[in-house]
Amino acid sequence: ITIANGCFHSWECPDTSLFATDSMVCYRPSYKRALEKCLVCIVCIVLFHAFVLWCHNFYLSVLFPDPISKSYNNGSSSSVDDRAEINVSSVASSWVKNENLHPESNSIGDERGKCSRLLLLKPLSKCGHGSQFNNYLLAVLAAAYFDRALLLVEPGHPCGSQFGCPEEAYVRGDNNDTDATSLRKDFPMGFSSLVNHPQWISRGCKIPVTCDADQTQYGWNENVKCTRREDDGSNTTVDVVVYSGFQLRSMISEKADEMIQRDGTQKSIDLAYRWAHNLGATAKEATYFASIIRERNEIYDYVIALTKRSGFLGLQPWIERDVDSYLKTMDLPMGEDYAAIHVRRGDKLASESREEVREYWKSQGYSDMENLPKNYIPFSKYLESWDGPESCPRDVTTGEPKVVKHHVYVATDDPKEVRQEIRDLPGHTHGDDHPYTVLWNTCHELRFYFAPVNETWNFHIHNGNADCSARYRRNIVSMGDLMLLVRAKMSIIEYNSNWGRVIRVLRFQMNSTTTASDVDSDGSAIEENVALPLVLDTRHAWGDSYHDFGFPGW
């Protein structure tokens with residue numbers, strides 16, 4: 001930089017030049033010698049920059065320790081190459097379509113080196129969709145931060161997958177007919193029957209064959225040495241940690257403050273850079289994340305948006321196919337904008353939502369907590385998040401509000417009760433055109449739609465007694481709900497449910513940029529645009545906010 005400044009200052013600009021400023025260089029064709037001198041300076045700067053990048057790579061791959069194992073990285077850190085910008089898919093498309101936009105591997109070094117450090121996740125077979133999705137998000141974020149490939153380890157389900165069995169899961173006979181009593185041994189079970197674990201997370205690694213600990217149930221949560229058999233028949237020693245969902249949450253509780261620490265040291269900057277880079281950030285984005293963002297919630301939202309953009313939650317092809325077929329059976333107009341509301345009751349009323357329900361009715365003037373009008377928060381509370389009368393368009397002649405029609409999908413495990421609540425709302429219309437229609441806040445005509453399923457189904461609740469095909473049908477209904485809530489132009493949810501927290505994660509995008517008002521820590525302006533996270537219109541009905549739960553995936 002000093003050499004370059006000397007070069008620049010050797011040029012003289014007349015005061016009459018239109019380009020003569022303190023920060024600019026005037027180019028004069030007659031100054032050939034000065035031009036040659038400047039070209040030499042530029043070459044020196046490029047070589048110096050390459051040397052700095054090499055030093056940075058060396059530092060990432062060798063010098064700083066892993067917070068879990070307290071051992072050195074052994075050359076498995078990510079490279080710092082600048083990634084191509086990733087275009088964000090439209091809200092109308094499935095959230096699972098982004099994986100092919102992410103580089104296949106984030107690690108440098110040879111193919112064996114990228115698999116030298118593994119995190120094995122044991123999904124819990126008795127937990128519902130929301131809980132397992134959140135545990136999976138935790139594992140993805142932890143693996144990226146600690147620079148480990150993430151693999152899934154599942155013993156399977158005694159009666160097939162907890163998420164049910166599609167037709168592909170059954171053995172086919174001589175006439176290509178499925179045998180509903182016999183499951184294929186090679187078909188993925190457990191969480192893997194629902195999620196197509198992407199290669200950018202697994203790095204294409206394989207589960208070790210032997211370890212220096214009892215691996216019967218992969219029950220440890222400390223790092224151990226294991227052996228992986230390579231394709232050429234040789235064996236490689238790998239460093240492995242294994243967590244169940246509960247163990248993973250315990251580890252994150254201890255490490256969360258360390259993971260978001262921004263104390264200005266080179267180590268904290270490098271760890272943050274590697275974390276963002278392993279989640280698919282470009283070099284510009286990773287630098288911005290590591291050097292500028294320091295507030296806890298902003299850090300969390302940034303890593304969520306990166307993870308979402310990279311396509312962390314890919315569904316298995318049979319899930320995508322059958323959810324798409326199921327959505328086509330609905331009367332919700334799929335070709336038009338719609339809003340969605342998630343009303344979770346069921347088993348939550350006896351645990352997570354109990355205190356919130358009491359607080360709500362207390363705010364309505366009730367004091368006897370044992371004799372409340374309802375044991376849930378009414379549907380009308382969710383509608384309070386809708387736009388008010390001030391948003392109504394007006395007739396240019398009369399000034400009267402114009403009625404605006406809205407399609408609203410209601411995802412709920414209590415459809416019978418919610419339908420009755422809609423009938424009881426003020427402004428409910430009883431027309432034959434659509435039986436569940438309400439005129440709300442002067443001008444908003446809300447037309448409510450429900451899932452075309454049996455009203456007795458509590459499809460958010462795991463039912464291990466149903467046969468595998470019945471569990472699969474419930475699973476498809478549940479995933480259809482999730483898809484509609486994520487794709488909606490506007491969603492109203494609450495975060496006491498795991499489902500609500502997953503919805504917010506999947507409604508993130510990375511498509512806005514910094515502005516001229518952004519400044520670096522030394523007060524200098526940031527001139528280059530960097531993609532920033534944006535969550536689509538998602539409104540909070542009641543209860544704790546998303547960030548009250550802490551680390552993403554909680």
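## Report on a predicted model

Histidine 444 lies in strand β12, which covers residues 444-449. The structure described here is a predicted model. Is histidine 444 buried or exposed? Its relative accessibility is 4%, and because buried means under 20%, histidine 444 counts as buried. Leaving aside neighbours within four places in sequence, histidine 444 is in contact with several residues, among them Trp386, Asp387, Cys392, His406 and Leu439.

With a relative accessibility of 47%, leucine 39 counts as partly exposed. Together with Ile42 and Val46, Leu39 makes a nonpolar surface patch of about 270 Å². The table sets out the two residues.

| Residue | Relative accessibility | Class |
|---|---|---|
| Histidine 444 | 4% | buried |
| Leucine 39 | 47% | partly exposed |

The report now turns to a sheet. Strands of a sheet pair through backbone hydrogen bonds, in either a parallel or an antiparallel manner. Here, 5 strands form an open sheet with mixed pairing, and their order is β2-β1-β7-β6-β5. Which strands are the edge strands? They are β2 (149-152) and β5 (210-211), each of which pairs on one side only. The pairing of β5 with β6 (residues 224-229) is antiparallel and extends over 2 bridges. Within β6, cysteine 226 is the bridge partner of cysteine 211. Helix α5, residues 245-259, packs on the sheet and touches both β1 (117-122) and β7 (235-244). The direction of helix α5 makes about 90° with that of β7.

Note on methods:
Residues are numbered from 1 along each chain as its sequence is written. This is a predicted model: local features need pLDDT of at least 70, side-chain atom pairs count only at pLDDT 80 or more; totals for chains, interfaces and linings use all residues. Side-chain values use heavy atoms; hydrogens and water are left out. Two strands pair if DSSP finds at least two bridges between them. Helices (H or I, at least four residues) and strands (E, at least two) are DSSP runs, numbered from the N terminus. Contact means heavy atoms within 4.5 Å. Axes are lines fitted to C-alpha atoms, for helices over the stretch in contact, and angles run from 0 to 180 degrees between N-to-C directions. Buried means under 20% relative accessible area, exposed over 50%, partly exposed in between (1.4 Å probe, protein chains only). Patches are made of residues with over 30% relative accessible area and no salt bridge: like charges are joined within 9 Å, nonpolar side chains (Val, Leu, Ile, Met, Phe, Trp, Tyr) within 5 Å. Accessible areas come from the Shrake-Rupley method with a 1.4 Å probe; for residues, only the protein chains shown count as cover. A salt bridge is a side-chain nitrogen of Lys or Arg within 4 Å of a carboxyl oxygen of Asp or Glu.
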